[in-house]
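Please open the structure in a viewer and keep a selection tool at hand.

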Amino acid sequence: VIKCKAAVAWEAGKPLSLEEVEVAPPKAHEVRIKIVATAVCHTDAYTLSGADPEGCFPVILGHEGAGIVESVGEGVTKVKPGDTVIPLYIPQCGECKFCKNPKTNLCQKIRITQGKGLMPDGTSRFTCKGKQIYHFMGTSTFSEYTVVADISVAKIDAAAPLDKVCLLGCGISTGYGAAVNTAKVEPGSTCAVFGLGGVGLAVIMGCKVAGASRIIGIDLNKDKYAKAKEFGATDCISPQDFKKPIQEVLVEMTDGGVDYSFECIGNVGVMRSALEACHKGWGVSVIVGVAAAGQEISTRPFQLVTGRTWKGTAFGGWKSVDNVPKLVTDYMAKKIKVDEFVTHTLPFDKINEAFELMHTGK
């Protein structure tokens, strides 16, 4: 058993608490990882807020991390101690019907136990002050050591800087893949990206790599426009600057609507605007943002009857074990940006400050 520091969420709506936790050794087909760097994501904040119906407490949150394999359980063959890895919140077992289907990346092998905050055998590897602590998204990267299933690990280039590539564990991969895998943006096309946070910037990067000729960023916060343009946005607009709905503005700006739109906020009203900003006959709108539980999307069916397509994406459609190492390689070869997404680097004990920075859009 390893004793180490972890940020524990004891209950919903309270700041994280830095505690000494015990991390049990990995069981069969499990891997224990020394986490070197982790990022914070709105999904962590959503669960912490208490709004997530799958949220269990007390829990160790975190799902964008990178580290070094410390030890492996019986039967683990893909990684060994000392390997550099990224934990994966969407695993890839290679055996289930989802893994065998090229149309999806949503491996279901450990979905039920993962959703309950437990390892595949139905137990936890974390304890603190004599209490069992739940896992989160199969990763729990807000701990100096964590235990994950062996199908939830991608072995990456040992030379990669972990404080940067940890972001490929969720946000950057999600946005970039939404453009190149889910939408399959084509050269010369026009795109609209709603929400210019980390995921939105990654979508812009994907649209640019795919050869889009016009990329319109939409956000209420104008402080984000300079960064969006650095990533490839050609125009940036705020819905507050217009008297009419933003979809009407976009339709006028683009001679009938954009070819591709992306919602990167998780707001069902914006999801409707994003669909309706698409061009009749062929426009595709991708939902990337995760809306709160129980919320529903709406539009007039005529929008779809007249040739628009509404799609969704999880982790950018990447089959995780196969593709995360390739994304790291692309980053090392300077084909995709990662460093530019990092705004602040804080010590682990300032994790609550990191959440505050995220909530204020900084």
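The stops below concern cores, cavities and a pocket. Please bear in mind throughout that this is a predicted model.

**The cores**

Begin by selecting Val165, Val185 and Phe262, the residues with the most contacts inside the largest nonpolar core, which has 81 residues. Where does this core lie in relation to domain 1 and domain 2? Colour domain 1 (2–169 + 319–353) and domain 2 (175–313) separately: both give residues to the core, so it lies between them.

Next, centre the view on Val185. Leaving aside neighbours within four places in sequence, Val185 is in contact with Ala179, Cys191, Cys207, Ala210, Ala212, Tyr260 and Phe262.

**The largest cavity**

The largest cavity has a volume of about 50 Å³. To display its lining, select Ile110, Thr113, Gln114, Leu118, Met119, Pro120, Gly138, Ala149 and Ser152. By class, this lining of the largest cavity comprises 5 nonpolar and 4 polar residues, with no charged residues.

Remain with Ser152, one of the lining residues of the largest cavity. Ser152 is found in the loop between strand 9 (145–149) and strand 10 (153–155). Is Ser152 buried or exposed? Its relative accessibility is 1%, so Ser152 counts as buried. Residues up to four places away in sequence not being counted, Ser152 touches Ile86, Pro87, Leu88, Pro91 and Ile110.

**The second largest cavity**

Now select Val76, Thr77, Lys78, Val79, Asp150 and Val153, which line the second largest cavity. The space in this second largest cavity is about 30 Å³. Its lining has 3 nonpolar, 1 polar and 2 charged residues.

**The second largest pocket**

For the last stop, select Lys78, Gln92, Cys93, Asp150 and Ile151. Of the 19 residues lining the second largest pocket, these are the closest to its centre. The pocket contains about 290 Å³ of space. Which elements each supply at least two residues of its lining? They are strand 10 and helix 11 (320–332). Strand 10 provides the largest share of the lining, 3 residues. By class, the lining of the second largest pocket consists of 10 nonpolar, 4 polar and 5 charged residues.

Technical notes
Residues are numbered from 1 along each chain as its sequence is written. This is a predicted model: local features need pLDDT of at least 70, side-chain atom pairs count only at pLDDT 80 or more; totals for chains, interfaces and linings use all residues. Side-chain values use heavy atoms; hydrogens and water are left out. On a 1 Å grid over the protein atoms alone, a cavity is a set of points where a 1.4 Å probe fits but cannot get out, and a pocket is an open set with protein on both sides within 12 Å along at least five of seven lines; lining residues have an atom within 4 Å of a point. Grid points are joined across faces, edges and corners, and a volume is the space filled by probe spheres set on the points. Ala, Val, Leu, Ile, Met, Phe, Trp, Tyr, Cys and Pro count as nonpolar, Asp, Glu, Lys and Arg as charged, and the others, Gly among them, as polar. A nonpolar core is a set of buried Ala, Val, Leu, Ile, Met, Phe, Trp, Tyr and Cys residues joined through side-chain atoms within 4.5 Å. Buried means under 20% relative accessible area, exposed over 50%, partly exposed in between (1.4 Å probe, protein chains only). Domain bounds come from an automatic or database domain assignment. Contact means heavy atoms within 4.5 Å. Helices (H or I, at least four residues) and strands (E, at least two) are DSSP runs, numbered from the N terminus.
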